[in-house]
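I opened this notebook page to record what I looked up in one model. The entries follow the order of the look-ups.

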Amino acid sequence: MTGPRSPVLIEGWASLFGVPDAEGDVVRAGAFSAALQRAGAGRVAMLLSHADGDVAGRWTRIEERGRGLFVRGLIDPETPAGQAALMLMEGGRLDGLSIGFVARRYRPRMGRAGRDLLDIDLREVSLVTTPMLSGARFHAPGVPLSVAHSGVPGRMFSRPHRVAA
């Protein structure tokens, strides 16, 4: 009999400021700030492919940085969605991120498709195979959890690195 499996640490960019997605929407710097103050990382779900109820793990850090929305979290191998995510990752088929949100304040992009998103109510960040924003990607940095929370950058591994809970 095997014991509990360890969660897998991932991190990456869920959104990039100033970069249009496949629909032409552009997230502007500061768009997440009010939502993050209200909710914090713990209340934003980590889902698999935006499917309600398919919780793949939990986000431990979500923050706006100069480039965009940075996320760090733990995929839970004890949940069906977490198991599916890990299988897809190990097969090289899952490395995308996608935000689930409600646009609280936006303006149309003049002469272009999409919107300039100025204030976003972030509901969830999903692990996806094909993100709407091609640069929204994650990786498994392979650093122990205590080092990951210290902000010290880690070395990337080609396979997910499991960390002790």
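I took helices (H or I, at least four residues) and strands (E, at least two residues) as DSSP runs, numbered from the N terminus. The model is predicted, so I noted its limits: local features need pLDDT of at least 70, side-chain atom pairs count only at pLDDT 80 or more, and totals for chains, interfaces and linings use all residues. Residues are numbered from 1 along each chain as its sequence is written, and side-chain values use heavy atoms, with hydrogens and water left out.

Entry: loop between S3 and S4.
I located Ser-49 in this loop and read its phi as near 55°, a positive value in a residue other than glycine. I found His-50 in the loop between S3 and S4 as well; its phi is positive, about 60°, although it is not a glycine. For exposure I used relative accessible area: buried is under 20%, exposed is over 50%, and partly exposed lies in between (1.4 Å probe, protein chains only). Ser-49 is partly exposed because its relative accessible area is 44%. His-50 has 33% relative accessibility and therefore counts as partly exposed.

Entry: S6 and S7.
I counted two strands as paired if DSSP finds at least two bridges between them. S6 and S7 run antiparallel and are joined by 12 bridges. Phe-101 stands opposite Leu-122 in S7. The hairpin of S6 and S7 has 6 residues between the strands, and Gly-111 in this hairpin takes a positive phi near 75°.

Entry: largest nonpolar core.
I defined such a core as a set of buried Ala, Val, Leu, Ile, Met, Phe, Trp, Tyr and Cys residues joined through side-chain atoms within 4.5 Å. The largest one has 38 residues, of which Ile-10, Trp-59, Leu-122 and Leu-127 touch the most other members. Among the elements that each supply at least two residues of this core are strand S1 (8-16), helix H2 (80-90) and strand S7 (115-128).
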